[in-house]
Number of protein chains: 4
Amino acid sequence: MTEMHKLRMGMVGGGPGAFIGPVHKMAAELDGRIELVAGAFSQSHERSRDAASTYRIDPARAYANYQEMIAAELSRPDPIDFVAIVTPNHLHLPVAEAALKAGFPVMSDKPATATFAEAIALEKAVAESQLPYGLTHTYAGYALVREARAICSSGQLGQIRKVAVEYLQGWLSQPIETTGQKQAAWRSDPALNGPGGCIGDIGVHAFHLLEYVTGLQVTELNASLLSVVPGRRLDDDCTAMLSMDNGAGGSLMASQVAAGEGNGLRLRIYGEVGSLDWRQEDPNRLRLKWLDGPEEIRHAAGRYLSDDARVVTRLPGGHPEGYIEAFAVLYREFADALAAWKGGSVAPMPDTLPGIVAGVRGMRFIDRAIESSRSKSWVKF
Amino acid sequence: MTEMHKLRMGMVGGGPGAFIGPVHKMAAELDGRIELVAGAFSQSHERSRDAASTYRIDPARAYANYQEMIAAELSRPDPIDFVAIVTPNHLHLPVAEAALKAGFPVMSDKPATATFAEAIALEKAVAESQLPYGLTHTYAGYALVREARAICSSGQLGQIRKVAVEYLQGWLSQPIETTGQKQAAWRSDPALNGPGGCIGDIGVHAFHLLEYVTGLQVTELNASLLSVVPGRRLDDDCTAMLSMDNGAGGSLMASQVAAGEGNGLRLRIYGEVGSLDWRQEDPNRLRLKWLDGPEEIRHAAGRYLSDDARVVTRLPGGHPEGYIEAFAVLYREFADALAAWKGGSVAPMPDTLPGIVAGVRGMRFIDRAIESSRSKSWVKF
Amino acid sequence: MTEMHKLRMGMVGGGPGAFIGPVHKMAAELDGRIELVAGAFSQSHERSRDAASTYRIDPARAYANYQEMIAAELSRPDPIDFVAIVTPNHLHLPVAEAALKAGFPVMSDKPATATFAEAIALEKAVAESQLPYGLTHTYAGYALVREARAICSSGQLGQIRKVAVEYLQGWLSQPIETTGQKQAAWRSDPALNGPGGCIGDIGVHAFHLLEYVTGLQVTELNASLLSVVPGRRLDDDCTAMLSMDNGAGGSLMASQVAAGEGNGLRLRIYGEVGSLDWRQEDPNRLRLKWLDGPEEIRHAAGRYLSDDARVVTRLPGGHPEGYIEAFAVLYREFADALAAWKGGSVAPMPDTLPGIVAGVRGMRFIDRAIESSRSKSWVKF
Amino acid sequence: MTEMHKLRMGMVGGGPGAFIGPVHKMAAELDGRIELVAGAFSQSHERSRDAASTYRIDPARAYANYQEMIAAELSRPDPIDFVAIVTPNHLHLPVAEAALKAGFPVMSDKPATATFAEAIALEKAVAESQLPYGLTHTYAGYALVREARAICSSGQLGQIRKVAVEYLQGWLSQPIETTGQKQAAWRSDPALNGPGGCIGDIGVHAFHLLEYVTGLQVTELNASLLSVVPGRRLDDDCTAMLSMDNGAGGSLMASQVAAGEGNGLRLRIYGEVGSLDWRQEDPNRLRLKWLDGPEEIRHAAGRYLSDDARVVTRLPGGHPEGYIEAFAVLYREFADALAAWKGGSVAPMPDTLPGIVAGVRGMRFIDRAIESSRSKSWVKF
């Protein structure tokens, strides 16, 4: 393998009308380490080839399903190096299991699976395969999320006392799942999506970000899940009170009926002597407030940032990086892990890249939030 | 009474070291309708006279307690026209009762009383007196809070689906009540403050703002009150999930241990087609977001604002008004009510000015939040 | 004179339709040190008494012109202590001269006079009278302008290399002076306003702020003054390049036809190692950026602020103070100066309060900008 | 040519230590239409191959100079389709001339050339070649710059009266060109950079953005160029007053010694009834202010945006796109133009993509600004 070699990615999902498929491709390829070469993009050869054409890849490697892709690629001299899963949630487990069984590392969109039970099954499959498994909790790839994480672990804020995370969108304010909007349709169908609507689609991102940045774990929660839009089968609005393993209290709010909001993920962490505040829609700034000092804004690419934050930035200060770049950081770390991995032993994954452990915790969170809301009570995590 | 006559205010509380006393004075006098002329500022003649000197009022009208003030003023040819109460909470009820009994209208700092039972007693006293009673929920005086209220009542946002209010301060992050900080000391003492710490001091402001702007009422809540700082006797951090009388869900967050925060009151209201967002620390702007249109920022004094918002503004656009000006709006409305009121019948109070009804609801909210947190369960309001 | 005594203010100007008269009253009285008791508010007894009624002062002290006011007040046992001038510009000099000659200190709205020649005459009158003279360059009263000034004088930014000040308004975007808008009418009439339109109304504020904060002086300038609205007799838009006495370059932009702007005064100062940025429409924050460190936001009332900034704040952090409060700081400093002054010698004025020196420089700036624009060339200050 | 074919790019410049080379690669490849396959990255085979390895391209296509690249590629069966120029400025003309002569379209970094005379020569070369030529004025690729342009051309703001553009950086606040910083070194050397320092590096971006968005042209200017850092051979700070061809006035400010600034490009346009404000460091929002209505913030991907703005966005609202994405828009438009172009006639270029006309105007601007500053006078454009 020369230095020129790029890792070859085979994608499952991401056909016509998909949002996240093209994002995975752009993100995977951005840093020049990975190349999309094959895919089971859609459920017919014709539509899959259409996608291949759009992606400008060889139509011979456009498959009608993941089983076919895995079989065909295994028999090529230049097979794919890993599988990216960008399907609706109900396929995450079967695709991942098949890929791992065939020896392909997996990079999966979130949530890990459709149900908590499936997550346990996936955890087992990953462990048995000893293969790399990454989960694209995109926001973990932002430089200033890395900075926030470094700040929390450094203890600069003092002991963490209070956490507040929110993720507000408005795009499901109307019942667009009934009008052919493909993204809304599968997300509102329990069979394709799993039992958690908003909580599973974006609440789990908020939950992950919270634990990822603070290093704390939720131990108890009390959630209220609502289906605000008449006729909607899954929750579209969630509020939860949290208790963390260090005694801190917290709150989590997620909504897809917050009319006018775009992609309003925000995390605030309050410690004894200071606090931090990060907003996805203004991702290149991290706000810090101190008990006895001026407010501080750390900017992406600042020379004063932690190494963890600096290594994931591509441009000088003032040149905005965004969602695709953050996503690409996760793929770059996955590529690094694959490059470092020799096979034959458990793949060492960097702790900055979300993996199966985060995946299982996320699915557990969804499960517990649904149970808490159903019983209208506090539940153990 | 010539046009020159200003209403004469007698204040109870507001002596040396007080924060809110001088604010009441500046606010009451700002629009030239009211004049502070007398006070029981502190609990000795000497300290009360010191305060009188600071306030530049006649030392002969500096009293050692409210009973003395009421008696002395009643015997003057130019008695006070009303009583302003700015004491710690435990005195709100007795002072108000005594003033009302003596025929003096009352303008009281919030919360209405120290306990819910007291609030009921006060409600009775107000009703029996038929006198004007106002409650300084300051934030109700901001022009853009008035605009937000007008927007909600107009139905422009569509049916309200979700509300989120937060009030974050950091000044009690350390146990400063043990170091002689007077403001912190009485607020942390249940005997002087009542049973609600943070929930009673600022949570009640957040609650009031929410109901004031939306016109909705909380019907159920599930709260978690924490005493974060070791040794503190009352709650200093509160989170609550809410259910509103139109079915909307909500959340309320209040904290005095949010290190680095100043006076971070923020209200967000989400309707079917749009949402609004107001922040006390940026009070002259109101943000509106729409399902299908650009974000909008309405500015104080904009010609396009509702009449309700425009009448409370003193300056042209771009000239910031702040906390004192908002406070003064309430005093101006109180003065207007007094000027219009003839006595002998129930005083008509403008519905823009918080009064005893808001006071009772606020005390009920504190009571229910404490009960919910104690029982770790949802409670009816 | 007991401690109760407030300084008695007599106002010239500020009758019906005035904007700045009521602001002077509110600002003068806010801190309880000064009381408006008399005025030549308008040019007839009737309209002046109407104003007196609005201000709730004794109609017997409502005069038809300043000469009458000065004469009548001199013969009272309780005469005014000083004169506030809030007329159109062409009266600033005659009123000030008459007041000073009669022994009354003067607090004048800006600009000092209508023309530079008048400013020289006023400077002489002030010097001969040995009386206190203050000039309400309002923005000098903001806490964070004081902080900015302290930062510049401390050298924290390194040597200042570049300054940029702008003051953008949009209210004269249409020819409203022709439709009876009183504020616009006199400002657009050279006989009442003087030769500098936008440059004299707000450009001079920007100029003052620049010199006030940096401690530097403009030595050369190259200006372009435009009359954008057809038919307007004075400039309504100004741009200038500046050279400062330490070699720094600069720019000044002022406009009253910047459609959509409110009162957008902003000052940026760039030094060798850092810079500061203050915006009047967000006055309680001061932004600092550093060559090698995070951006910083200093908040009004922060304990970390300089003493100069802290002493002018009335409220705890997070409680916004605004335009009236800034204005009141200047009146408070004027009152302090009057209280400290014994008469019989030159009045010592605090260097934080703009006075006649600033007034003369401002008028010189207007004069030089007009000359530069006319000659289309750089001119010495 | 099948649908799979990507356009093959050969790059000149972009070797070790370069900033803009990797950006061109990421941008060119982002949308899957272009692939970097060859380059004269540096001036030795060894260093050029090192770069090829970093870029993961075939080391056989790493050349030591552009002449070699052009000759070698012409003899391949799969030659490059176009040349991207990312060298210091003095090479822009010779490389472009050679490429065009050999029949290769050119995509060049800005400014077009090192001097105005060279720009005229380049214009001639482009015309003679009839080949596509694009110029990467990056900021023209942002969705909300496109929106701003559509707004200006629609007349929504009324006639444009005033323009203000600024571009503030701080990275040259210290003489880092003397300490081996490669980016600073060539930019501070007139032989490599041309005669315009800051004015040529970023002033020209500001100038381009201004004309690109408004559709107006500068007709006169009065500039002041300073070399603030001792020993620096070129200007590092620029201020200019402008006159536009519709009579509007304007200002342009560019600095590389604005300590603390990152990449602060901002454009404000004032019309009769409204204004717009775009800031590169917050690129996904466009602020509009109106004479008689609320402020408006348009967000990238809003359904209400003009088609011109919508077609250049890849992600749903709230998912930030940044500098690389804007850059990629220009490459995508260049790729589209190449795909549409049949050869044998003048290449039709979309008017959204800056080309040689913009390049010549930019070089003229630099030339005129230097002349104005030298003569301290207004000059015709």
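In this predicted model, helix H6 (residues 143-154) of chain B and helix H9 (residues 198-214) of chain B pack at an angle of about 50°, their axes lying 7 Å apart. Because angles under 35 degrees count as roughly parallel and those from 65 to 115 as roughly perpendicular, H6(B) and H9(B) are oblique to each other.

**The contact between H6(B) and H9(B)**

- From H6(B), the residues Val145(B), Ala148(B), Arg149(B) and Cys152(B) take part, and they meet Tyr212(B), Val213(B) and Thr214(B) in H9(B).
- Sorted by class, this contact of H6(B) with H9(B) comprises five nonpolar residues, one polar residue and one charged residue.

**The sheet of chain B**

- Five strands of chain B form an open sheet, in which the order is E2-E1-E3-E4-E5 and the pairing is parallel.
- Strand E2 (34-40) and strand E5 (133-135) of chain B are the edge strands, each of which pairs on one side only.
- From one strand to the next, the twist averages 25°.

- Strand E1 (residues 7-12) of chain B pairs with strand E3 (residues 82-85) of chain B in the parallel sense, and four bridges link the two.
- Within this pairing, Gly10(B) stands opposite Val83(B), which belongs to E3(B).
- Helix H1 (residues 20-30) of chain B packs on the sheet, where it touches E1, E2 and E3 of chain B, and the direction of H1 makes about 150° with that of E2(B).

Key
Residues are numbered from 1 along each chain as its sequence is written. Chains are lettered from A and ligands numbered from 1 in the order in which they are written. This is a predicted model: local features need pLDDT of at least 70, side-chain atom pairs count only at pLDDT 80 or more; totals for chains, interfaces and linings use all residues. Two strands pair if DSSP finds at least two bridges between them. Axes are lines fitted to C-alpha atoms, for helices over the stretch in contact, and angles run from 0 to 180 degrees between N-to-C directions. Two residues are in contact if their C-beta atoms, placed from the backbone, lie within 7 Å. Angles under 35 degrees count as roughly parallel, over 145 as roughly antiparallel, 65 to 115 as roughly perpendicular and the rest as oblique. Ala, Val, Leu, Ile, Met, Phe, Trp, Tyr, Cys and Pro count as nonpolar, Asp, Glu, Lys and Arg as charged, and the others, Gly among them, as polar.
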